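Have the coordinates open as you read.

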Amino acid sequence: MKRDFLLVDGYNIIHAWPDLMEMTEVSLESARQKLVEIMSNYQGYHSHLEVIIVFDGYLVKGNPGTAQRRHNVHVVYTKEAETADHYIEKVVHGLPRECRVRVATSDGLEQLIILGRGAVRMSASELLREVRLTNEAMREKFIAPPKAKKNVLMDHLDEQTREKLEKMRRNEW
């Protein structure tokens, strides 16, 4: 089965989403973990999708870069002197043309480059909207209780008892 891919420019998304941006004031690591958690939930609902989150590691001296699978998403920290944009461009270029590839970033130049390589661009706000819609769909499907019909006491009483209670209610007894 053909897989779809969603490549996420991690720091670009963190700095574009208000909740994650606020988290960076306390801990950048917490914001990264939260993004991974959010995207893991998103991928869990969209099982046909392969999610790759890419974080820049280009300023970290001697950084060899890492790639690991966390939950059900791939998390990549680029090596020294390699930007997330460059890594994403390489991945997009290396994927088969028949794969549907989307790249989530609000970096205008990056969007132009990936469009030229056959990928579909997605802004940070578009991804946030999709994540929210997915969360609502999951809530409705898995969490929200099914609509139950009213469970009224009167529906479970015999006719004679119902009549007596009705008379009491009307002060006719």
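Two residues are in contact here when they have heavy atoms within 4.5 Å of each other. Keep in mind that this is a predicted model.

With that cut-off in hand, go to Thr 78, which sits in the loop between S4 and helix H4 (84-94). Is Thr 78 buried or exposed? Its relative accessibility is 1%, and buried means under 20%, so Thr 78 counts as buried. Setting aside neighbours within four places in sequence, the contacts of Thr 78 include Val 54, Phe 55, Asp 56, Gly 57 and Tyr 58, and also Thr 83, Ala 84 and Tyr 87. Asn 63 and Gly 65 are in contact with Thr 78 too. Zoom in on Gly 57: its backbone nitrogen lies 2.7 Å from a polar atom of the Thr 78 side chain.

Now step back to the sheet. Six strands form an open sheet with mixed pairing, and the order reads S3-S4-S2-S1-S5-S6. At the edges you'll find strand S3 (66-70) and strand S6 (120-122), each pairing on one side only. On average, neighbouring strands are turned by 20 degrees against each other, direction ignored.

At the S6 end, strand S5 (residues 101-104) pairs with S6 in the parallel sense over 3 bridges. Arg 102 has Val 120 in S6 as its bridge partner.

What about the helices? Helix H3 (residues 28-45) lies across S1, S2, S3, S4 and S5, running at about 170 degrees to S2. Helix H5 (residues 108-116) lies across S5 and S6, at about 155 degrees to S6.

Conventions. Residues are numbered from 1 along each chain as its sequence is written. This is a predicted model: local features need pLDDT of at least 70, side-chain atom pairs count only at pLDDT 80 or more; totals for chains, interfaces and linings use all residues. Side-chain values use heavy atoms; hydrogens and water are left out. Two strands pair if DSSP finds at least two bridges between them. Helices (H or I, at least four residues) and strands (E, at least two) are DSSP runs, numbered from the N terminus. Axes are lines fitted to C-alpha atoms, for helices over the stretch in contact, and angles run from 0 to 180 degrees between N-to-C directions. Buried means under 20% relative accessible area, exposed over 50%, partly exposed in between (1.4 Å probe, protein chains only). A polar contact is a pair of N or O atoms within 3.5 Å; within protein, one must be able to donate a hydrogen and the other to accept it, and residues adjacent in sequence count only if both atoms are side-chain atoms.
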